[in-house]
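Here are my notes on the side-chain contacts, as promised. Have a look at the model first, then go through the points.

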Amino acid sequence: MKKLKNEKELLKKAITLGAVYANKRGVAQFEATDSAANKIEYIYRLLVHDNLIQPLPENQVSQPSMQHKLALWVDRQMNS
């Protein structure tokens with residue numbers, strides 16, 4: 001897995017956009033007390049469920065790999 005140059009910033013943007021997406025779909029509303037790890041996992045699974053990103057093989061699902069997938073997703077959103 002090759003790191004993106006600005007992956008941390010992309011991840012922050014992905015969490016923000018993912019939270020807006022989940023809220024608009026009416027499936028989740030994140031609270032300020034929700035951990036970043038929980039938000040990342042929920043957004044990842046929601047995007048996989050909606051076929052917006054390709055799922056990772058179950059044996060490769062981890063916090064760093066989900067973060068990378070979300071960073072890639074938001075990078076593609078910004079460049080399309």
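1. Glu-41 comes out partly exposed, at 32% relative accessible area (buried is under 20%, exposed over 50%, partly exposed in between, with a 1.4 Å probe and protein chains only). Its salt-bridge partner is Arg-45, with the closest N and O atoms 3.2 Å apart. Arg-45 is partly exposed too, at 37%. Both sit in helix α2, four residues apart, or about one turn.

2. Before you go on: this is a predicted model, where local features need pLDDT of at least 70 and side-chain atom pairs 80 or more, while totals for chains, interfaces and linings use all residues. Numbering runs from 1 along each chain as its sequence is written, and side-chain values use heavy atoms, leaving out hydrogens and water.

3. How many salt bridges does the structure hold? Two, taking a Lys or Arg side-chain nitrogen within 4 Å of an Asp or Glu carboxyl oxygen. One of them joins Arg-25 and Asp-50 at 3.1 Å, N to O. Arg-25 lies in helix α1 and Asp-50 in the loop between α2 and α3 (63-79), so this bridge ties together parts 25 residues apart in sequence. Asp-50 counts as buried at 19%, whereas Arg-25 is partly exposed at 39%.

4. The whole structure gives one aromatic pair (ring centres within 6.5 Å for Phe, Tyr and the six-membered ring of Trp; planes under 30 degrees apart are stacked, over 60 edge-to-face, the rest tilted). Phe-30 and Tyr-42 have ring centres 5.9 Å apart and planes at 85°, so call it edge-to-face.

How values were computed
Helix = DSSP H or I, 4+ residues; strand = E, 2+ residues; numbered from the N terminus.
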